[in-house]
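Colleague: Could you walk me through this one? I have a few quick questions.

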Amino acid sequence: MNALPIVAILLMLFSCLVNADKVNTDLVEKNEAATARFFSNLIETNDPNIAELTMAIRMMPKGADIHLHYSGAIFAESYLDLLGDKGYCIYDRTEPKLKIEIYRVETRPKNQLPEGSQQFCLNKDEIIANYPFYRKLLEVWSTKDFYNHYDIQKAPDQHLFDTFNYFGPLANQNLIAGFTKLKNRAKYENVQYLEVILQEAPSVEYPDLAKALDALDPNADENVVFAALAPYVEFMAKDPNFAQSISDYIQTGEAAISGMDDDKFRVRIQAYVYRDEPRAIVFSSLYSAFSAANASKKIVGVNIVGAENDYISMRDYKLHMLMFRHLKTLFPDVHLSLHAGELVNGMVPPEELANHIQYAVDIAGADRIGHGVAIAREENALKLLSILKEKKIPIEINLTSNGFILGVKENKHPIKLYQRYGVPFVISTDDPGVLRSDLTQEFVTFAINYKPSYADIKKTVFNSIQYSFLTPEEKSAELEDLRSRFLVFESEIAKIEESLHKNTHKLAELD
């Protein structure tokens, strides 16, 4: 056969492939532009179409939720189901003589309770049958109806933190069932990855060594603090019982998410410590959290939680950051996402707002900052904003949570400040079960209040994967999956936009 026709055929095939790629690229760009117009028409107005925006954002790929507390993510209704499964009951009144308190969970079987208190402890069926009590229980265990009626209420921050005390006995009773609910919710919302703050890491107190920590000045020099911490680390490293408690902690966490990953979903967990506790408890819990994250592929980071404005939290804030710094030298590969700057003026004296985010970054070496609401009150705010941008340290923005707990919403929130100075951020939920929210609602709130472009919304979604604590290989796979999801989504929205465009023209012609 003559070689010339073969060459010609090959060239023709190559030309077809190039043209096909160009057509595909053109279509992708056309769909993205149509989606951008669609979102702009919904958002860029004084009267946003919230219902249609909600529908579109529910459909939209949302990447990951990387600031999510497990116990606060479960809705009260699900906790009641668990209560029924376990055969527990809840007291319907407070009687000090009987040592019972209304809305508290009783984990002893009802038939084993003292006769005097049995009649006041309602099982699941009795709770549901007593509708006024059921409604009030939902209000006490979450933020339901907090703002839509008048009543004597606690301060919002106290109300939220108190909810954990009510459902706390149920939170870890069936982790697999809980994670299954979170997975199903994520899939419904087109969320592909969850990074869940699961359980407090175990702690241990050695009285003689604890005295050295208790004697530290809250503003002690780094070398002085490290000298006090080193013997504690040495003691913990040699304690077989503590080593076993860390191993058990890892096993519990890994078992909770075993088998959850599939081709459309992944979940990982963060270990955490509670900041409003004695120094030895905080430090030993931090040590076990770092140890667990270093040893397990499923525990991908360490966090610190609890009300940042509590007395111990404020007094020992810098010491806590130095504890992180010290342990980071021992476990350099452990990722850190730290709650910092979850404060507002008036919650604490103004000078106490000067450096929490800075210390989390400069001293502890945080990879991500949770909340970061107090950034404008930081002493070196401009320099800190520059550092956050240069080091690509993202802020985990929790709009519903910040609005409820801190009263920071709309233009009071620093999200525009972060945008203006090029600091990356992600949108996350914090405690969606308690707050009666979800990631869809967080993005709707973001869109309505701050009117981002579609490109900005999309960038924020990609940030949630890019700044996750997944391995580089896992992250690459999730980003590729996210791109594919957006191609499908933008194709769907482009069809809607085209249909709306045609209808608008028809109406114009009729006029």
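**Sheet, helix and domain**

Modeller: Strand 6 (residues 266-274) pairs with strand 7 in the parallel sense, over six bridges. Two strands pair if DSSP finds at least two bridges between them; strands (E, at least two residues) and helices (H or I, at least four) are DSSP runs numbered from the N terminus. This is a predicted model, with local features needing pLDDT of at least 70, side-chain atom pairs counting only at pLDDT 80 or more, and totals for chains, interfaces and linings using all residues. Residues are numbered from 1 along each chain as its sequence is written, and side-chain values use heavy atoms, leaving out hydrogens and water.

Colleague: What is the bridge partner of Gln270?

Modeller: Gly301, in strand 7.

Colleague: In what order do the four strands of the open sheet come?

Modeller: The order is 1-5-6-7, with parallel pairing. Strand 1 (64-69) and strand 7 (299-305) are the edge strands, each pairing on one side only.

Colleague: Switching topic: is His326 buried or exposed?

Modeller: His326 counts as buried because its relative accessibility is 10%; buried means under 20% relative accessible area, exposed over 50%, partly exposed in between (1.4 Å probe, protein chains only). His326 is in helix 15 (residues 317-330).

Colleague: What does His326 touch?

Modeller: Leaving aside residues up to four places away in sequence, His326 touches Phe226, Leu229, Ala230, Val233 and Phe283. Contact means heavy atoms within 4.5 Å.

Colleague: And which residues does the UniProt domain annotation cover?

Modeller: The unreviewed UniProt entry gives "domain: Adenosine deaminase" for residues 289-479. UniProt positions are in the numbering used here, feature names are shortened, and annotations may be inferred rather than shown by experiment. Over residues 289-479 the chain is 49% helix and 11% strand.
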